[in-house]
Amino acid sequence: SVNKARLTFSIFLDSINFKASNLPSQILMKYAASDTTQYLLPDYSVSTSYFDGLPNTTTLTYTFNIASFVQMYLEGAVSKPEVEMYFSNGEFQNVILKANNSKIPAKFEFVYTRY
C-alpha cells in the first residue's frame, strides 16, 4: 500500500526572462489510458490542494503528490506510468524545471506499507 509518493522539481530562475513573479500558478499532470484517453492524475481529483503542483517561491520547487496514481500503477490499472505535465487552460507561460545534472536534481519520495 502506497503511503506517500511525491515528485519534486527545482525551478530555474535567471532574474531576466524567468522570474518568480512569472511562474505558472499551477502545473497539472495527466496520463493516457490503454485506449489513449487522457486523464488527470487521480490525486488531483481527490483534492487539488493535496496534489499541489503549485510553485514554492521559498524553496524554488514544484511538488506533486502522486500516491493514488502510483497505487493504481502497482495494482495494474495503469499500463504505462507515463505522465505529461501541462498548464491550466488559458495559461500560457514557461518554466524550466531542473533535472539530470542539476545541483538539485528531481526527487522522487516513496513510502509504502508491506502487508
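User: Which residues does Ser-88 touch, not counting residues up to four places away in sequence?
Analyst: This is a predicted model, where local features need pLDDT of at least 70, side-chain atom pairs count only at pLDDT 80 or more, and totals for chains, interfaces and linings use all residues. Numbering runs from 1 along each chain as its sequence is written, and side-chain values use heavy atoms, without hydrogens or water. Contact means heavy atoms within 4.5 Å. On that cut-off, the residues Ser-88 touches beyond four places are Gln-26 and Leu-28.

User: Is Ser-88 buried, partly exposed or exposed?
Analyst: The classes are buried under 20% relative accessible area, exposed over 50%, and partly exposed in between, with a 1.4 Å probe and protein chains only. Ser-88 has 27% relative accessibility, so the class is partly exposed.

User: How far is Ser-88 from Pro-24 in space, C-alpha to C-alpha?
Analyst: Along the sequence, 64 residues separate the pair. In space, the C-alpha distance is 8.9 Å.

User: What separates the C-alpha atoms of Thr-57 and Ser-21?
Analyst: Thr-57 sits in the loop between β4 and β5. Its relative accessible area is 48%, so Thr-57 is partly exposed. Beyond four places in sequence, Thr-57 touches Ala-20 and Leu-23. Ser-21 is 36 residues away along the chain, yet the C-alpha separation is 9.0 Å.

User: Which side chain joins that of Thr-61 in a polar contact?
Analyst: Thr-61 is in strand β5 and counts as buried because its relative accessibility is 11%. A polar contact is a pair of N or O atoms within 3.5 Å; within protein, one must be able to donate a hydrogen and the other to accept it, and residues adjacent in sequence count only if both atoms are side-chain atoms. At 2.7 Å, the partner side chain is that of Thr-59.

User: Which backbone oxygen does the side chain of Ser-10 reach?
Analyst: Ser-10 is placed in strand β1. A relative accessible area of 5% is why Ser-10 is buried. Outside four places in sequence, Ser-10 touches Leu-60, Thr-61, Ile-96, Leu-97, Lys-98 and Ile-104. The side chain of Ser-10 reaches, at 3.3 Å, the backbone oxygen of Ile-104.

User: Which residues of α3 are buried?
Analyst: An α-helix has 3.6 residues a turn, so residues three or four places apart point the same way. In α3, the buried residues are Ala-67, Phe-69, Val-70 and Gln-71.

User: What is the phi of Ser-15 near?
Analyst: Ser-15 lies in the loop between β1 and β2. At 62% relative accessibility, Ser-15 counts as exposed. Most residues other than glycine have a negative phi. Ser-15 has a positive phi, near 65 degrees.

User: What value is the phi of Asp-52 near?
Analyst: Asp-52 lies in strand β4 (residues 52-56). Asp-52 is not a glycine, and its phi is positive, near 75 degrees.

User: In what order do the elements run from the N terminus on?
Analyst: The protein has three helices and eight strands. From the N terminus, the order is β-β-β-α-α-β-β-α-β-β-β.

User: What share of the contacts with a separation of 6 or more joins residues 24 or more positions apart?
Analyst: The protein has 115 residues, and buried ones make up 30%. Of the contacts with a separation of 6 or more, residues 24 or more positions apart account for 70%.

Terms used. Helix = DSSP H or I, 4+ residues; strand = E, 2+ residues; numbered from the N terminus.
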